[in-house]
Amino acid sequence: MNSAAEILVPGKAGEGEALVLMAPISFWGGVDPKTGRIADVRHPQHGEVIAGRVLFLPGTIGSSSASAVLMELVHNGRAPAALVLHEPDAILLLGLIVAREMGWQTPIAVRLERGAFDAYRGGAVAVAADGAITAVI
Amino acid sequence: MSLSLSPEEQAIAARQDGAGMAMRIVAESARLLGAPRLIPIASAHIDGALYHGDSGTLFAEKLVEGGAKVAVRSTLNVGALDLMGCSRIRLEEPQRGMARRMMEAYRKLGCEQSWTCAPYQAGHRPALGSDVAWGESNAVVFCNSVLGARTNRYGDFLDIACAITGRAPDYGLHRPENRQARLVFDVSGLSASFLASEIAWPVLGSLYGREVGNAIGVVTGAAGHPGEDALKAFGAAAASSGAVGLFHIAGVTPEAPDVAAILAGPEPEAVIRVTPEMVAKARAGLSTAAAVKTIDAVAIGSPHLSHAEFDSLERLIAGRQLAVPVYACTGRHALALLEKDGRRKRLEASGVVIVADTCVVVTPIMPDIGNGVLMTNSGKFAHYAPGNTGYAVLYASLADCVESAVLGKPVFTDVAA
């Protein structure tokens with residue numbers, strides 16, 4: 001399975017186990033900035049850890065402090081290996097933009113149709129620096 | 001359309017200093033949002049000085065090291081510490097030190113030490129129709145709706161970057177066509193006594209936010225102007241339960257002299273007719289505690305209490321001793337007046353804990369007791385307190401909150417919708 005995705009925020013190419021979120025998430029209050037664990041008890045994937053994973057996001061909700069949580073994850077070495085979004089989320093991605101300005105290494109963020117997410121569920125995925133998404137066998 | 005920057009904006013973005021960093025952040029956001037250009041702003045309200053982790057402190061300090069200064073009037077939202085020393089914050093080192101460094105960095109950037117989520121009651125009231133960049137959801141919704149100034153919901157980092165560059169991406173609520181109402185929220189089916197009661201506007205706000213989400217609506221059927229503190233409570237509740245950035249109230253808010261003037265088309269896309277049953281359900285939904293016999297605390301002041309709200313509090317307490325503390329959150333703008341005539345001492349002697357510069361849901365202040373019960377008259381506290389403090393919540397009017405604090409057990413006066 002290969003997709004060419006549009007780059008939303010350039011960053012380090014990443015590879016990891018896919019984590020395809022089944023519901024939108026609020027990063028502030030929903031993801032622990034120290035560990036990357038999904039802390040929102042109402043989220044169906046509560047308890048999963050986003051650190052080191054290729055994170056497929058169907059959408060984000062809630063607080064405008066999502067950017068602060070994502071930057072804190074980058075700073076703590078607990079960011080996802082790459083982010084795959086259905087649409088550009090300016091508040092969340094600001095966390096990567098500002099982390100880059102700080103000189104910290106950030107994961108790449110790319111855009112992909114939500115319908116294409118499922119094909120990557122359950123396996124390892126690589127996102128190249130040019131935005132190409134590849135299932136790793 | 002892709003983003004086009006002026007030669008001056010491009011030159012700033014190419015610099016290696018703090019201003020260059022801020023311009024690149026604003027431009028990158030504009031590009032992601034699909035904005036065609038940047039527009040000048042008249043002021044900013046900065047929500048980014050609340051400590052969420054060390055990276056935010058390091059960011060603010062890097063702007064300071066790069067010589068950045070805000071280009072427009074910029075007030076600060078709450079921080080994680082009570083710099084006025086009214087209340088004891090249980091934040092431990094090293095977080096406490098990092099939170100203090102963060103607050104200090106924003107001061108050095110030239111921001112006003114307002115430390116309030118109600119800057120619009122602390123003298124920061126941008127003009128009708130002016131473009132501004134405000135953060136903090138209740139401040140954003142008040143600024144757009146009640147003042148008629150134009151802002152999007154600016155999040156952490158982008159708020160200060162806009163303040164330094166004096167610019168914001170041209171999109172969303174900065175554009176007049178996006179400020180028109182598509183929904184009608186009709187409250188004419190509710191009783192006059194309910195609409196005149198103190199709980200009406202926070203409860204309606206909570207219902208409104210849930211019903212409209214991020215759409216723009218106009219409220220009809222309100223009998224006259226409910227007062228600024230009621231609009232403040234409505235907006236704060238609506239921005240907690242939904243992604244509301246702007247509301248209109250026909251005949252009350254400045255962009256809606258009447259319904260026809262603010263509707264996007266000849267007919268609304270939907271009409272929500274609010275029934276007493278919907279209100280009863282919304283009111284019940286603000287409480288999370290089941291039948292309880294005692295309460296552990298009362299918290300008020302989200303958004304921060306105004307002078308008029310302190311007047312009501314003092315009148316209701318009437319010199320009595322409270323059995324459980326009332327945490328009264330406010331900004332230093334209100335504190336100055338309380339200090340002047342000895343009222344702060346009288347309130348504290350009754351058992352009121354005044355919290356300045358911050359509030360009880362953003363930093364640890366209330367004791368960590370497990371299974372605690374908190375009573376509040378704030379729709380916003382009711383929304384955030386269970387997750388952020390671990391306290392279960394009971395929602396009630398200020399009068400009931402005070403009576404309950406005097407008795408140490410919940411008292412409710414029924415107001416039929």
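Which residue of β11(B) does B:Val298 stand opposite? In this predicted model, the residue across from B:Val298 is B:Val326 in β11(B).

## Strand β10 of chain B and its partners

The pairing of B:Val298 with B:Val326 belongs to a parallel arrangement in which three bridges join β10(B) to strand β11 (residues 326–330) of chain B. Strand β10(B) is also joined by three bridges to strand β13 (residues 373–376) of chain B, and these two strands likewise run parallel; within β13(B), B:Thr376 is the bridge partner of B:Ala299.

In a regular strand, side chains alternate between the two faces of the sheet. In β10(B), B:Ala297 and B:Ala299 point one way while B:Val298 and B:Ile300 point the other way, and all of these residues are buried.

## The sheet β3-β2-β4 of chain B

Three strands of chain B make up an open sheet with parallel pairing, in the order β3-β2-β4. Its edge strands are β3 and β4 of chain B, each of which pairs on one side only. Strand β2 (residues 43–46) of chain B runs parallel to β3(B) and is joined to it by four bridges, and B:Ala44 stands opposite B:Ser74 in β3(B).

B:Ala44 is also one of the contacts of B:Cys162, a residue found in helix α6 of chain B. B:Cys162 counts as buried because 32 other C-beta atoms lie within 10 Å, where 20 or more are required. Leaving aside neighbours within four places in sequence, its contacts include B:Val26, B:Ile41, B:Ala133 and B:Tyr154. B:Ala133 is 29 residues away from B:Cys162 along the chain, yet their C-alpha atoms are separated by 6.7 Å.

The buried residues of α3(B) are B:Ser55, B:Gly56, B:Thr57, B:Phe59, B:Ala60 and B:Leu63. Just after α3(B), B:Gly67 adopts a positive phi of about 75 degrees.

The contact between the chains takes 20 residues from chain A and 22 residues from chain B. On the side of chain A that touches chain B, α1 (66–75) and α2 (90–101) of chain A each supply at least two residues, and α2(A) gives the most, with seven residues. By class, this side of chain A has 13 nonpolar, five polar and two charged residues.

## Backbone features in the loops of chain B

Two cis peptide bonds deserve a careful look. One joins B:Glu93 and B:Pro94, with omega of about 5 degrees, and B:Pro94 lies in the loop between β3 (73–76) and α4 (95–108) of chain B. Another joins B:Ser302 and B:Pro303, with omega of about 0 degrees; B:Pro303 lies in the loop between β10 (297–300) and α12 (307–317) of chain B.

Positive phi values also occur in residues other than glycine. B:Glu136, in the loop between β4 (133–134) and α5 (137–147) of chain B, has a phi of about 75 degrees, and this residue counts as buried because it has 29 C-beta neighbours inside 10 Å. B:Phe157, in the loop between α5 and α6 (158–165) of chain B, has a phi near 80 degrees and is buried, with 30 other C-beta atoms within 10 Å.

## The nonpolar core

The largest nonpolar core contains 189 residues, of which A:Val84, B:Tyr327, B:Ala328 and B:Val355 touch the most other members. Leaving aside neighbours within four places in sequence, B:Val355 is in contact with residues including B:Tyr327 and B:Ala328, as well as B:Asp82, B:Cys86, B:Val360 and B:Ile365.

## Confidence in chain A

The mean pLDDT of chain A is 93, and 99% of its residues reach 70 or more. Within chain A, confidence is lowest in strand β1 (residues 2–4), at a mean of 83, and highest in strand β3 (residues 14–20), at 98.

Terms used. Residues are numbered from 1 along each chain as its sequence is written. Chains are lettered from A and ligands numbered from 1 in the order in which they are written. Two residues are in contact if their C-beta atoms, placed from the backbone, lie within 7 Å. Ala, Val, Leu, Ile, Met, Phe, Trp, Tyr, Cys and Pro count as nonpolar, Asp, Glu, Lys and Arg as charged, and the others, Gly among them, as polar. A residue is buried if 20 or more other C-beta atoms lie within 10 Å of its own, exposed if 12 or fewer, and partly exposed in between; C-beta atoms are placed from the backbone. A nonpolar core is a set of buried Ala, Val, Leu, Ile, Met, Phe, Trp, Tyr and Cys residues joined through C-beta atoms within 7 Å. pLDDT is the predictor's confidence in each residue, from 0 to 100. Two strands pair if DSSP finds at least two bridges between them.
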